[in-house]
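Please look through the sequence and the model shown here before reading on. The paragraphs below are meant to be followed with the structure in view.

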Amino acid sequence: MYLYDEFDRTLVAERVADFRDQVGRRMSGELTEEEFKPLRLMNGVYLQLHAYMLRIAIPYGTLSSQQLRILAHVGRRYDRNYGHFTTRQNIQFNWIKLEDLPDAMADLASAGLHGMQTSGNCVRNITTDQWSGVAPDEIEDPRIWAELLRQHTTMHPEFSFLPRKFKIAVTAAAHDRAAVKVHDIGLRLHRNGAGETGFEVLVGGGLGRTPFIGKSIKPFLQKRDVLSYVEAVLRVYNQFARRDNIYKARIKILVHELGAEAFAREVEAEWQHIKDGPLALDPAVVADIAARFRYPDYGRLDDNPPELARLRNTDRRFDAWLGNAVANHKVPGHAIVTLSLKPEGGPPGDATSDQMDSIADLADRYSAGEIRVGHEQNLVFPHVAQRDLPELWRALDAVSVATPNIGLVSDIIACPGLDYCSLANARAIPIAQELTRRFRDLDLARDLGRLHINISGCINACGHHHVGHIGILGVEKNGEEFYQITLGGRADEEAELGALLGPAVPYGQVADVVEEVVAAYLELRERPDETFVATVKRLGVEPFKERVYATH
Amino acid sequence: MTSPLEQKLRITGPVVVTANRLGDGAVVYRTVDGSWSTRLDEAAVVNTVPAATELLAASLADDISAVGAYVAPVRIGPGGRPEPGNLRETIRHAGPTFAAPTMLAT
């Protein structure tokens with residue numbers, strides 16, 4: 001966990017007081033909606049189809065059990081007993097009242113939570129690997145750098161009115177779980193030939209209307225330079241990006257139109273002015289931030305304790321869960337456990353207040369009071385002793401978050417879609433729900449292997465459809481919902497955008513088409529361990545297209 | 001940003017003016033007597049561009065009761081009652097098309 005200091009607490013408390021005053025003035029009519037809207041958006045308050053929506057930042061997806069209990073409380077007291085974890089490692093409440101928001105924000109502030117910079121044209125919540133600090137394949141905990149960037153960009157006056165929103169993601173592992181190649185800036189910590197640790201800097205990635213994979217503009221950046229270099233990127237973006245057209249204002253368009261090399265030259269020139277100034281990092285500052293991330297005292301435990309083997313041999317459900325939701329930890333005798341927020345028939349990423357409270361209690365008992373949120377809309381316990389896994393599994397199963405479908409066909413990413421969102425053209429959640437019913441057979445899901453279905457209800461791509469192994473995009477045609485389907489996208493270190501399967505299909509046919517695609521994969525794969533994306537990569541979409549459009 | 005009043009209205013059938021209530025965001029409809037109601041069957045229904053423009057102008061002027069007023073299509077159902085004219089308005093009127101997760105989970 002990261003421990004906030006007095007400065008953070010004061011800043012959040014002052015913001016609540018400001019917002020209380022602003023809401024009071026809006027309710028009295030002193031402020032018009034035109035005046036008030038930018039103020040509420042700066043605090044993560046949107047107006048959606050049926051109600052206000054509050055988006056709360058969860059920096060780098062790390063939550064304490066105390067924070068999760070506060071989220072449960074906000075859901076219970078001010079909303080409808082549930083929250084929605086998003087693809088940006090945040091949480092949203094969909095039914096909150098404006099008149100209740102100052103009190104809700106004060107309650108959130110008591111646990112260091114807020115909605116600042118979860119909206120608007122600023123640097124948004126900085127995301128990272130949900131296994132940070134515990135993954136065996138990482139170089140170091142990337143959250144230290146995410147926190148440093150968070151502090152630097154929070155209420156940074158130069159970057160509070162950028163041409164458009166700006167998303168930064170950081171990873172430090174060989175396998176990219178943070179999708180850094182589809183962010184405005186992606187930072188990848190790695191070791192160079194001399195054994196030094198530094199960042200590869202990627203820019204101009206992003207999804208939405210015009211998707212791009214990020215381009216590498218700096219293969220190796222010393223850690224001391226990360227703030228100054230990111231600042232240089234932001235300055236070049238701020239200076240040159242288009243403010244005349246909202247659809248062309250993201251950095252990806254600038255990088256594409258200027259070319260990555262020319263963009264890199266502009267950044268380099270700007271960087272030379274500032275790299276040795278106040279932004280050059282003092283190792284003591286980095287060490288201070290690193291020291292505020294606390295890890296549990298793991299103790300000396302052995303891998304594979306006998307309790308596991310006993311239950312594995314006698315309980316097939318436990319064995320399935322252990323093989324699916326439990327990952328290796330960098331400390332022997334420990335494990336990383338993913339909690340599935342994708343039950344059969346459930347809206348992806350939703351958790352009830354009762355579930356959140358139970359999960360917080362279980363985190364205290366089994367995960368040193370720490371929970372992570374992943375961009376796939378699941379939760380993670382990062383510090384579990386392997387000997388506790390049988391007990392933990394029973395407890396998680398009792399609160400319906402132990403479905404062994406992590407990374408499988410029913411572990412679907414979906415945006416809120418037209419059921420909530422004022423931008424959406426089509427529904428996303430009911431499509432996901434139907435697919436989880438069609439693929440309820442977990443033996444089949446395991447046989448299919450890793451298969452990510454990502455669904456967005458509009459071109460803005462909050463459901464990351466471009467990088468789904470199967471991507472589904474809702475569009476509107478003559479008042480009806482239609483869905484474009486893409487195959488072969490992926491968000492990891494080999495990120496690619498999916499290729500269009502063919503003409504859009506109506507709402508009622510989407511699940512049938514996905515079933516056809518999956519059936520085609522089973523026939524086309526060369527061997528059982530050739531993954532879905534590997535098969536699409538080898539064959540292209542044509543054989544899938546032939547099968548699907550022959551029957552629809 | 002262009003004001004809704006400056007945008008050209010295109011109307012092909014009966015319409016109402018809808019918005020979200022300021023205090024709680026609830027979906028509301030402009031009524032004949034110039035107030036707001038959460039009931040669609042109490043909405044003022046108009047059929048022409050001038051009438052819709054006038055209704056919208058009055059709604060937008062009432063900035064303190066409701067937010068983001070716009071013209072939305074309706075169908076006239078049994079008994080002459082207006083019903084939402086498209087899926088988006090149906091969802092705004094009736095809520096999400098699936099059960100709340102509180103009902104699905106533990």
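Predicted model: local features only at pLDDT ≥ 70, side-chain atom pairs only at ≥ 80, totals over all residues.

If one takes the contacts in chain B between residues at least 6 apart in sequence, 55% of them join residues at least 24 apart.

One residue of chain B, B:Thr31, shows how a chain brings separate parts of its sequence together. B:Thr31 sits in the loop that connects strand E2 (27-30) to strand E3 (36-37) of chain B, and with a relative accessibility of 7% it counts as buried. Leaving aside residues up to four places away in sequence, B:Thr31 touches B:Trp36, B:Ser37, B:Glu42, B:Ala43 and B:Ala44. The C-alpha atoms of B:Thr31 and B:Val16 are 8.8 Å apart in space, while the two residues are 15 residues apart in sequence.

An open sheet is built from five strands of chain A in the order E6-E7-E8-E9-E10, with mixed pairing, and its edges are strand E6 (127-128) and strand E10 (215-222), each of which pairs on one side only. Strand E9 (residues 197-203) runs antiparallel to E10 of chain A, and five bridges join the two; within this pairing, A:Val201 has A:Lys218 in E10 as its bridge partner.

Among the helices of chain A, helix H3 (residues 65-78) has 14 residues and reaches 20 Å from its first C-alpha to its last, close to the 20 Å expected at 1.5 Å a residue. The buried residues of H3 in chain A include A:Leu68, A:Ile70, A:Leu71 and A:Val74, and A:Ser65 and A:Tyr78 also belong to that buried set.

Two loop residues of chain A deserve a look for their backbone angles. A:Gln117, in the loop between helix H4 (101-109) and E6 of chain A, has a phi near 60 degrees, which is a positive value in a residue other than glycine. A:Met155, which lies in the loop between helix H5 (143-153) and strand E7 (168-171) of chain A, likewise has a positive phi, near 55 degrees, and is also a residue other than glycine.

How many disulfides does the structure hold over all chains? The number is zero. The closest cysteine sulfur to that of A:Cys415 belongs to A:Cys462 and is 6.1 Å away, so the two are too far apart for a bond. For A:Cys458, the closest cysteine sulfur is in A:Cys421, at 6.0 Å, which is again too far for a bond. Both A:Cys415, at 8% relative accessibility, and A:Cys458, with a relative accessible area of 9%, are buried.

Salt bridges, in contrast, can be found: the structure holds 55 of them over all chains. In chain A, a network of salt bridges links A:Glu434, A:Arg437, A:Arg438, A:Asp512 and A:Glu515. In chain B, the side chains of B:Arg39 and B:Asp41 meet in a salt bridge at 2.9 Å, N to O, and these residues are partly exposed, B:Arg39 at 46% and B:Asp41 at 34%. Another salt bridge joins B:Glu89 and B:Arg88 at 4.0 Å; here B:Glu89 is buried, at 4% relative accessibility, while B:Arg88 is partly exposed, at 25%.

The last stop is the contact between the two chains, to which chain A gives 39 residues and chain B gives 25 residues. Together the chains bury about 2500 Å², with 65% of that area on carbon and sulfur atoms. Of the area that chain A buries against chain B, A:Arg26, A:Leu49 and A:His50 supply 21%, more than any other three residues. One salt bridge is found across this interface: A:Arg26 pairs with B:Asp63, and their closest N and O atoms are 3.3 Å apart. A:Arg26 is buried, with a relative accessible area of 0%, whereas B:Asp63 is partly exposed, at 23%.

Key:
Residues numbered from 1 in each chain as written. Chains lettered and ligands numbered in written order. Heavy atoms only, no water. Disulfide = S-S within 2.5 Å. Buried < 20%, exposed > 50% of the residue type's maximum accessible area, 1.4 Å probe, protein only. Pairing = 2+ DSSP bridges. Helix = DSSP H or I, 4+ residues; strand = E, 2+ residues; numbered from the N terminus. Expected span 1.5 Å × (residues − 1). Contact = heavy atoms within 4.5 Å. Buried area = accessible area lost by both parts, 1.4 Å probe.
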